[in-house]
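Q: Please take a close look at one helix contact in this model. Describe the contact first, then continue to other parts of the structure.

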Amino acid sequence: MFVRNRAFVAPMCQYAIDAGDGVPHDWHLQNLGAFAAGGFGLVVTEATGVTAEGRISPGDVGLWNDEQTAAHARLVAFAHSQGAAAGAQLAHAGGKASTYPALPGFGAGTVPPEAGGWATVGVADAPVLPSLAPARALDADGIAGVVEAFAASARRADAAGYDVVQIHAAHGYLLHQFCSPLTNTRTDGYGGSEANRTRIVREVVDAVRAAWPADKPLGIRLSATDWVESGWDVAANARLARVLVERHGVTWVDASSGGLTAGSAVPVAPGYQVPLASRIHAALAGTGAVVSAVGLIDDARQAETILVSGQADAVSIGRAALRNPHWAAAAASELGVLPADNPQAPQYARSGY
Ligand code: FNR
């Protein structure tokens, strides 16, 4: 996969679908399209449900049917026309599914079935967060179904033309629910030891790798710590990352954190998750895998320092890209890239970047 620079757009849910059909439309085109026209190397979709029940909210996009696949192809084609690579974040929210869109004017917590929500499945018969309805624990057949759904979505992502898929294993969603000892109370082969808790991740990665072209990169987003004593921590994540890269064909790890607890003390500050990426980067030394850092990387020189100091291979930009979809063009300009080489769309060449 060719990426013109190492500024990636982090996946960001838009909650923009009213019809509940998971089909991306004009909003998603202009959203990802603006990032692509704004010079980013890689634009990544919002968390994209591998099944209807795996969506975070009824307003999320999905990738489980032909209509959705065709609509995704339109997003990809536009990103490519702007010189950006395109990625799909494949997701199953587990017990954090069926929540209200995180937009002004909506409620909080689980959407009940009578209001358009659905009963959720997860790692255990318990709510993932106190504010959510209890999930029903997946049984062995249910886990196999989830694994196959990830693979089927990866096939569709390939058909839509995506250059990379990123498996969402972070932020308290299904795969993270299995990995963390805070939520995984199972006593079968998917619970207990670290090897058991991470089993579903290896199974999903293997199934996606088999369904996804061998020459296309395969990414995963990890919550590198729960920010809680006795939670899922960076040492375990570094071990998992190494196994996934060395034995299961992952080529890109994005190091995020948190999402599983309501009250943990997260030391939010500029670049606060970069040390997590750096730790995983060190664990993957010599493998050739790409590690991206994310989280309050808002400034061009901050981003450049992370890259040139070898803490990470790429930066994922979230809210700063919402504020300025042309963040990458602005960063290039600030860092001395000549206007003729600026990745911004030529239509915007007189923007001053
Ligand atoms: C997010 N984030 C997020 N993460 C993810 O893995 N999948 C997703 O769909 C979303 N959705 C989402 C929506 C919105 C509106 C925001 C602001 C964030 C988290 C995001 O990718 C990123 O990790 C964080 O925002 C931290 O990076 P920044 O914003 O500090 O650069």
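A: Helix H2 and helix H3 cross in a right-handed sense. The model is a predicted one, and the values below are computed from it. H2 covers residues 66–81 and H3 covers residues 140–160; their axes come within 8 Å and cross at roughly 45°. At that angle, H2 and H3 are therefore oblique to each other. On the H2 side the contact is made by Asp66, Thr69, His72, Ala73 and Val76, and on the H3 side by Arg156, Ala159 and Ala160. Sorted by class, the H2–H3 contact holds four nonpolar residues, two polar and two charged.

Helix H6 (residues 199–211) and helix H7 (residues 234–248) have axes that come within 11 Å and cross at roughly 30°. H6 and H7 are therefore roughly parallel to each other, and their crossing is right-handed. H6 contributes Val201, Arg202, Val205, Asp206 and Arg209, which meet Leu240, Val243, Leu244 and His248 of H7. The class count for the H6–H7 contact is five nonpolar, one polar and three charged residues.

Next come the strands. In strand S7 (residues 164–169), six of the six residues are buried, so S7 is largely enclosed by the rest of the structure. Val164, Gln166 and His168 point one way from S7, while Val165, Ile167 and Ala169 point the other way; residues of both sets are buried. S7 is joined to strand S4 (residues 85–91) by four bridges, and S4 and S7 run parallel. Within that pairing, leucine 90 has isoleucine 167 of S7 as its bridge partner. S7 is also joined to strand S8 (residues 218–223), here by five bridges, and this pair runs parallel too. Histidine 168 has arginine 221 in S8 as its bridge partner.

Glutamine 166 belongs to S7. Its relative accessible area is 2%; since buried means under 20%, glutamine 166 is buried. Apart from neighbours within four places in sequence, glutamine 166 is in contact with Ala88, Gln89 and Leu90, with Gly219, Ile220 and Arg221, and with Pro11, Val44, Trp252 and Asp254.

Threonine 183 is not in a strand but in the loop between helix H4 (174–179) and helix H5 (194–197). This threonine 183 is buried as well, with a relative accessible area of 12%. Not counting residues up to four places away in sequence, threonine 183 touches Val123, Ala124, Val128, His176, Gln177 and Leu260.

Six of its eight residues are buried, so H11 is largely enclosed by the rest of the structure. The buried residues of H11 are Trp327 together with Ala328, Ala329, Ala330, Ala331 and Ala332. Just after H11, glycine 336 takes a positive phi of about 95°.

Methods
Residues numbered from 1 in each chain as written. Predicted model: local features only at pLDDT ≥ 70, side-chain atom pairs only at ≥ 80, totals over all residues. Heavy atoms only, no water. Buried < 20%, exposed > 50% of the residue type's maximum accessible area, 1.4 Å probe, protein only. Helix = DSSP H or I, 4+ residues; strand = E, 2+ residues; numbered from the N terminus. Pairing = 2+ DSSP bridges. Axes fitted to C-alpha atoms, helices over the stretch in contact; angles between N-to-C directions. Parallel < 35°, antiparallel > 145°, perpendicular 65-115°, else oblique. Left-handed = near helix turned anticlockwise from the far one by under 90°. Contact = heavy atoms within 4.5 Å. Nonpolar A, V, L, I, M, F, W, Y, C, P; charged D, E, K, R; others polar.
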